[in-house]
Amino acid sequence: MTQAKSRRYCGRDFTPRDMRIIRKTISEDPGRSRFQISKIVCESLGWFKPDGGLKDMSCRVALLRLQNDGLIQLPPPRNRGRSGKPCRIALTSRTLPGPPVDQPVHRLPELCLTRVASKDQSRLWNEYIQRYHYLGYPPLPGAQVRYFAHIENQTLALLGFSAAAWKTAPRDEFIGWSPPQRQRNLHLVVNNSRFLIPPWISSKNLASKILSTAARRLPEDWMKTYNYAPVLIESFVQTDKFAGTCYKAANWQKIGVTKGRGKLGRRNVCTVPMKDIWVYPLCKNFKERLLD
């Protein structure tokens, strides 16, 4: 495989010069961890978030993809269990099924959202997703905000919002932006990348109520963390598993269907399940902001 051309990962083009910088960063100090390498690479390449912080989470994902494509060799991960294999999420009694909830949402106590903030909350959220979500738990990409939805002390659902898809034709046509505008303003779009209601929860209209509540809450929490507020949420709903009814009930708009090619799919070859694309504007002038 030739290494003389640029490669795109996590919304960034890595040039041959970038690759030399990355390889030098890895080789010049064998004691560096993957975490340290990602920080140094971000600083060296000037890869920053809109709030001025290092885009190190995206960088870590990009470095793993570069390694998977045979372009670099990272040091072994340090977070390993006794077997020498990378640690996996342990399933504990904390995520065993709870009491069933089958009353309609208007008869339930007040619905609350709690943002994942502590390490313990993060482990618990990850465990629920690993145990009950059909995609399991791969880490969410880039900037992210996660929530527990609950009544009193009972968890009813989990949500995760993270970096938007780099390119998807129906969304990009809906917005009407050019490639430079998309590259400049993509951070203003966030992806509802996880939404889980555990199987023992069957409350009518609960899902749409949670989506509406989260949409009102998200801009403030994103602003507190990243110093800017998103203007549009997107979500991809796998058509052979879900109808997207709760998104429609929460006033989201269906704007198209993915072509099933995935990030590395060949032209006109379906490699991943097709998904409906739903969007929800967070402000009236969202298109003006995205086209700025």
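**A tour of salt bridges and a buried serine**

Start by selecting Glu28 and Arg32, whose side chains meet in a salt bridge at 2.8 Å, N to O. The model on screen is predicted. Arg32 is buried, since its relative accessible area of 17% is under 20%.

Glu28 is partly exposed at 43% relative accessibility, while Lys24 is exposed, with a relative accessible area of 52%.

Next, select Asp56 and Lys39. Their side chains meet in a salt bridge of 3.7 Å, N to O. This pair links distant parts of the chain, 17 residues apart: Asp56 lies in helix 3 (residues 56-68) and Lys39 in helix 2 (residues 34-45). Asp56 is buried, with a relative accessible area of 10%, whereas Lys39 is partly exposed at 27%.

The structure holds 16 salt bridges.

For the last stop, select strand 5 (residues 154-163) and find Ser162 within it. Is Ser162 buried or exposed? Ser162 counts as buried, because its relative accessibility is 1%.

Which side chain makes a polar contact with the side chain of Ser162? The partner is Ser193, at 2.8 Å. To see the surroundings, show the residues in contact with Ser162 beyond four places in sequence: Leu140, Pro141, Ala143, Gln144, Val190, Asn191, Ser193 and Trp222.

Note on methods. Residues are numbered from 1 along each chain as its sequence is written. This is a predicted model: local features need pLDDT of at least 70, side-chain atom pairs count only at pLDDT 80 or more; totals for chains, interfaces and linings use all residues. Side-chain values use heavy atoms; hydrogens and water are left out. Helices (H or I, at least four residues) and strands (E, at least two) are DSSP runs, numbered from the N terminus. Buried means under 20% relative accessible area, exposed over 50%, partly exposed in between (1.4 Å probe, protein chains only). A polar contact is a pair of N or O atoms within 3.5 Å; within protein, one must be able to donate a hydrogen and the other to accept it, and residues adjacent in sequence count only if both atoms are side-chain atoms. Contact means heavy atoms within 4.5 Å. A salt bridge is a side-chain nitrogen of Lys or Arg within 4 Å of a carboxyl oxygen of Asp or Glu.
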